[in-house]
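User: Please walk me through this structure one feature at a time. Give me the general idea, then the case.

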Amino acid sequence: MTLADRLNSGTVSFTAWSGIPDTLTVESVSRLGFEVVTLDMQHGAHHEDSVARCVPAITGPGKHPVIRIPVGRFDMASRALDLGAEAVIAPMINSVEDARRFAAAMKYPPVGERSWGPTFGFPRSSVKDHAEWLATQNSRTISFAMIETRAAYGLLDEILDVAGIDGIFVGPSDFSIAWTSGAALNPNLEDMMGAIADIGTRARKAGKFAAIFATDPKICGRYASMGYQMIAMGNEQTYMRVGAENLIAAARAAIS
Ligand code: 3PY
Ligand code: MG
């Protein structure tokens, strides 16, 4: 099943978020309960070499590999696909030109300008030959444009309209900073929930995918009802902290 098929299945998918550029760590995360694993090159410590090595650590346990590239590094979007990523998340898509450049890097002609060379992606896939790869990549790969500023929100319909942009990914932390003109970091800010619902609804109405980052699992029901099909949660530090806190608390409770 492709990631696109999974997102269309009607069940919300969860993506792990990895910032530790280590194959064994990524493999361990990929064996947890997430359907998707995202390697973060923007704020996490992943880099080209770790992405090249970590994709099989995700697909081995049967999960979908996604890469978040650094801001404006659309060359890395093509590289991520050539290394076997199924989707790329591009942060800070704040203009139609940003969206066009991202789409161009993601899609082969005639939709975009992706250059040929799936050096690792093809042998890592189940695709039988290069002809099939060329014919199916544009529909098998997903380009997520991050909507996380007022400028992006203001241009939402135009960004959704760009051929080769398959979906949006909301970054509520940056969005909250933008929403409050720099006064607050609050990804769960009630005041912006109407806008987040509007983004999800308009993306789905346009026939595009909608994804979002959740900092609190309790908000996931609301995000699902807003149309979001993929939700990111935590990172390795969160998984270790929450796991260790629960373990230690349960052990201390058993003693006292
Ligand atoms: C944000 O919330 O700004 C994000 O980019 C999520 O990682
Ligand atoms: Mg962000």
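Analyst: Strand 1 (13-18), strand 2 (36-40), helix 3 and helix 13 are among the parts that cover the buried residues of helix 2. Contact here means heavy atoms within 4.5 Å. Helices (H or I, at least four residues) and strands (E, at least two) are DSSP runs, numbered from the N terminus. Some ground rules follow. This is a predicted model, so local features need pLDDT of at least 70 and side-chain atom pairs pLDDT 80 or more, while totals for chains, interfaces and linings use all residues. Residues are numbered from 1 along each chain as its sequence is written, chains are lettered from A and ligands numbered from 1 in the order in which they are written, and side-chain values use heavy atoms, leaving out hydrogens and water.

User: Which residues of helix 2 are buried?

Analyst: First the general idea. An α-helix has 3.6 residues a turn, so residues three or four places apart point the same way. In helix 2 (residues 23-30), the buried residues include Val-26, Val-29 and Ser-30. They span an arc of only 100° around the axis, so they sit on the same side of helix 2. The arc is taken from the directions from the helix axis to the C-beta atoms. Buried means under 20% relative accessible area, exposed over 50%, and partly exposed in between (1.4 Å probe, protein chains only).

User: And strands? Which way do the residues of strand 3 point?

Analyst: In a regular strand, side chains alternate between the two faces of the sheet. From strand 3, His-64, Val-66 and Arg-68 point one way, and Pro-65 and Ile-67 the other way. Both sets are buried. That gives five buried residues out of five in strand 3 (residues 64-68).

User: How many bridges join strand 2 to strand 3?

Analyst: Strands pair if DSSP finds at least two bridges between them. Here there are five, and the two strands run parallel. Val-37 stands opposite Pro-65 in strand 3.

User: Now charges. How many salt bridges are there?

Analyst: Side chains of opposite charge can pair when their charged atoms come close. The rule: a side-chain nitrogen of Lys or Arg within 4 Å of a carboxyl oxygen of Asp or Glu. The count is 13 salt bridges. Take Arg-53 and Asp-49, with N to O at 3.0 Å. Both lie in helix 3 (residues 48-59), four residues apart, about one turn of the helix. Arg-53 is exposed at 53%, whereas Asp-49 is partly exposed at 38%.

User: Which residue does Asp-216 bridge to?

Analyst: Asp-216 pairs with Lys-218, the closest N and O atoms being 3.7 Å apart. Asp-216 is partly exposed, at 22%. Lys-218 is exposed, at 73%.

User: How many aromatic pairs does the structure hold?

Analyst: A ring pair is described by the distance of the centres and the angle of the planes. Rings of Phe, Tyr and Trp (its six-membered ring) pair if their centres lie within 6.5 Å; planes under 30 degrees apart are stacked, over 60 edge-to-face, the rest tilted. The structure holds eleven such pairs. Phe-122 and Trp-133 have centres 6.1 Å apart and planes at 85°, so this pair is edge-to-face. Phe-122 is in helix 6 (residues 121-124) and Trp-133 in helix 7 (residues 130-140), so the pair ties together parts eleven residues apart in sequence. Phe-175 and Trp-179 are stacked, because their centres are 5.4 Å apart and their planes at 25°. Ring pairs also link Trp-17, Phe-144, Phe-169 and Phe-213 into a cluster.

User: Which residue lies over the face of Trp-179?

Analyst: Arg-150, at 4.4 Å from the ring centre. The test: NZ of Lys or CZ of Arg within 6 Å of the ring centre and within 35 degrees of the ring normal. Trp-179 itself is buried, at 18%.

User: Last, the backbone. Where is Pro-110?

Analyst: Pro-110 is in the loop between helix 5 (96-106) and helix 6. A cis peptide bond joins Pro-109 and Pro-110, with omega about 10°. Met-92 is not a glycine, yet its phi is positive, about 50°. Met-92 sits in the loop between strand 4 (87-90) and helix 5.
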